Every structure is written in structure tokens, then in C-alpha cells.
Amino acid sequence: MKELLRELRGRALSAIEKAENAEALEALRVQYLGKKGELTAVLKQMGKLSAEERPVMGQLANELRSAVEKTLEQRRTALAEALLQRRLRDEAVDVTIPGEPHRMGHRHPMYAVLDEIKQIFIGMGFEILDGPEVEQSVYNFDKLNTDEGHPAREWSDTFYFAEDSSRLLRTQTSPMQIHAMETRPLPIRMVAPGRVYRKDEVDATHSPMFHQVEGMVIDKGVTMADLKGTLDQVAKRLYGEGTVTRFRPHHFPFTEPSCEMDIQCYKCHGAGCPTCKGEGWIELLGAGMIHPRVLRMSGIDPDVYSGWAFGFGLERMAMGRFKIGDLRLIFENDVRFLEQF
Ligand code: PHE
């Protein structure tokens with residue numbers, strides 16, 4: 001039996017020394033010390049020994065057990081240490097290597113202008129509204145006094161969804177006037193910026209998608225003087241205190257009377273130059289007093305309430321502000337372009 005224990009000891013300790021990982025160690029522990037392990041099997045034969053031999057063998061067996069346990073523990077520690085060293089080596093980061101510079105994004109000039117516009121109107125007590133780009137024709141046209149047969153409803157100009165032409169991509173932000181009338185308590189002072197869509201080929205001044213900013217006021221006793229005073233003030237805030245505005249008669253189906261507002265050319269102050277194409281004036285927006293029929297269709301009594309509205313193209317506004325010559329630059333989002341503003 002002594003021989004057996006010695007043999008077992010040699011085999012167990014050398015196997016443990018060679019174990020490559022924690023799983024192998026655990027398997028060896030079970031193999032030698034486990035309930036069905038080899039040492040246990042030897043101990044079970046102790047009963048066959050004489051009374052003198054038994055304590056001697058018992059002591060040898062105990063020594064073997066503690067030697068195996070100690071070796072297991074040492075190997076476990078050594079393996080863990082080796083693993084740690086390997087990870088420290090593999091995952092080492094040289095913090096002195098220079099970093100890769102990140103190219104910073106840049107605020108888009110059009111949104112910078114939009115933010116300014118919003119701030120001006122918020123300061124005047126307007127709220128900012130958002131609405132659907134996929135619109136019902138009723139909102140884009142009918143409720144804006146633009147009946148069937150009106151040239152603005154042409155298939156060649158408008159992105160319709162269905163053959164029955166009941167749904168479309170809005171061609172203007174003016175449907176937001178109707179949404180506001182239908183959902184907001186009176187009086188209303190709102191500005192609604194957003195995307196609009198028209199079947200235009202892309203060139204330096206056209207894009208099938210562009211942005212408009214709609215604005216509307218409805219209250220008791222609102223007049224054309226309020227329209228002119230407010231929009232004149234906005235132009236001065238945007239283009240400088242010295243800005244001169246003029247209002248020309250125009251036509252829109254949903255306003256009566258209608259007008260367009262120009263600002264005197266900020267480059268030549270009216271003399272005529274390339275910026276204003278020799279006109280001396282730069283067209284800024286369309287506006288007008290809301291047509292009584294439009295008010296009535298949305299449940300507002302035109303004998304009690306009156307209002308005005310305006311709409312303008314945001315890209316054109318930004319291009320004017322930053323002297324950008326080509327509309328396509330606005331949409332390309334080339335950082336080298338954006339960085340200039
Ligand atoms: N919706 C008009 C356009 O797209 C602009 C406009 C808005 C005119 C509000 C009058 C009042 O040209």
C-alpha cells in the first residue's frame with residue numbers, strides 16, 4: 001500500500017504541475033481527491049490493514065492529500081498570474097501614441113438662420129408649430145381656397161401618392177395655417193417651418209425638396225398695418241436696422257389682399273447690382289390678409305376675427321444672408337463648405 005501511495009503521489013503531482021488551465025486542475029482534483037477519486041479508493045482498503053500498519057498508512061495518506069491540495073493551490077495561483085500577465089501584455093495601450101484628430105461637424109447655415117428667425121418671432125409672442133409633410137390635398141389646397149382645376153394642383157408640379165390625388169407631399173407650409181386654425185385656441189400667433197416638395201429639376205436655384213417658413217396671426221381687429229409693421233420689424237432684425245422694406249401687390253388664393261415683401265438690396269442700397277440682378281430690391285416673402293373664405297372653412301367667423309399670414313423659402317433666405325450662390329451647396333453638406341459660416 002505504501003508503494004501504491006508513492007506511485008499515486010508521483011503521478012498526481014506531476015499531472016498537476018502540467019495542468020494548463022483551471023478546468024484541467026479541477027478535473028485532476030476530482031480524479032485524485034474526489035468522492036470517487038483514486039486516494040479515496042486507496043483509503044477504502046485501509047480496513048484490510050493490521051492495527052499497527054493502519055495509523056502509519058493513515059498518516060501517509062493524509063500527507064499525500066495535503067501535498068496534492070497544496071500543489072493544486074500553487075498551480076492555480078501560478079496559472080492566474082500567468083493569465084494576468086498575458087492580458088496585461090496583450091491589452092497594453094501606448095498612451096503616448098498621438099491620437100487621430102476628429103473632424104468637427106459644423107452648424108448648418110440654414111439652421112443658424114432658422115434659429116435666428118424663431119428667436120425673433122418667439123420674442124414677439126409667436127409659438128413654433130410642426131406638422132406633416134405627407135398631407136391631404138384638402139389641407140394643401142381646398143381649405144386654402146385653391147379649388148379643383150387650379151393650376152397649382154397640376155400633376156406636373158405636385159408629388160401625389162394615389163391616382164385619386166387625395167394625398168400628396170405638401171407643396172407649401174400653408175396647410176399649417178389650417179392645422180393651427182383647427183387645433184389652436186384663438187388668438188393664434190404661430191410660425192411653422194418645414195420641408196416642402198415640388199416637381200422641380202435640380203439646378204442652382206431649384207430643388208424638389210426645400211424649406212419654407214409659414215407664419216400666421218389671427219385675432220380680433222388685426223389689419224394689414226400689423227402685417228406690414230411686424231414683417232418690417234423682422235426684416236430689420238434679420239438684415240440690420242437700416243433695412244428698407246416695400247410691399248407690392250400680388251396674388252395668392254388664400255389671402256386677400258395679397259402682397260410680396262422686398263428688401264432694398266443690402267449691397268447697392270437700391271442702385272442696382274449683380275446681387276439684386278439690377279433691380280435694387282430683393283424679393284423676400286409672400287404674405288396677405290387671410291381670405292374670409294379660408295377662415296370660414298376652418299370654423300372661424302371672419303366678421304369677428306381677421307388675420308394675416310406669410311411664407312418664405314428658407315434656403316433663399318440663408319443664401320441671401322451668407323451670399324451663397326448655388327442652392328445645391330445647401331444640401332450637399334460638404335464640411336469644407338459648412339465650416340465657412
Ligand atoms: N404659400 C405661399 C407660397 O408657397 C406663400 C404664402 C404664405 C403667401 C402665406 C401668403 C401667405 O408661395
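Q: Which residues in α2 meet α4, and which ones in α4 do they meet?
A: Bear in mind this is a predicted model. From α2 you have A22, L25, R29 and L33. In α4 they meet R65, V68, E69, L72, R75, R76 and L79.

Q: And how does that contact split by class?
A: The contact of α2 with α4 has 6 nonpolar and 5 charged residues, with no polar ones.

Q: Are those two helices roughly parallel or antiparallel to each other?
A: Helix α2 covers residues 22–33 and helix α4 residues 53–90, and their axes cross at roughly 175°. Anything over 145 counts as roughly antiparallel, so that is what α2 and α4 are to each other. Their axes come within 10 Å.

Q: OK, switching to the ligand. Which residues come nearest?
A: There are 14 residues around the ligand, and Q172, S174, R198, Q212 and E214 come nearest.

Q: What about R198?
A: R198 has a polar side-chain atom 3.1 Å from an oxygen atom of the ligand.

Q: How much of the ligand does the protein bury?
A: 89% of the 330 Å² that the ligand exposes when taken alone.

Q: Which elements give two or more residues to the shell?
A: β5 (209–219), β8 (281–290) and β9 (306–313). β9 gives the most, with 3 residues.

Q: And the shell by class?
A: 5 nonpolar, 7 polar and 2 charged residues.

How values were computed:
Residues are numbered from 1 along each chain as its sequence is written. This is a predicted model: local features need pLDDT of at least 70, side-chain atom pairs count only at pLDDT 80 or more; totals for chains, interfaces and linings use all residues. Side-chain values use heavy atoms; hydrogens and water are left out. A residue is near a molecule or strand if one of its heavy atoms lies within 4 Å of it. A polar contact is a pair of N or O atoms within 3.5 Å; within protein, one must be able to donate a hydrogen and the other to accept it, and residues adjacent in sequence count only if both atoms are side-chain atoms. Accessible areas come from the Shrake-Rupley method with a 1.4 Å probe; for residues, only the protein chains shown count as cover. Helices (H or I, at least four residues) and strands (E, at least two) are DSSP runs, numbered from the N terminus. Ala, Val, Leu, Ile, Met, Phe, Trp, Tyr, Cys and Pro count as nonpolar, Asp, Glu, Lys and Arg as charged, and the others, Gly among them, as polar. Axes are lines fitted to C-alpha atoms, for helices over the stretch in contact, and angles run from 0 to 180 degrees between N-to-C directions. Angles under 35 degrees count as roughly parallel, over 145 as roughly antiparallel, 65 to 115 as roughly perpendicular and the rest as oblique. Contact means heavy atoms within 4.5 Å.
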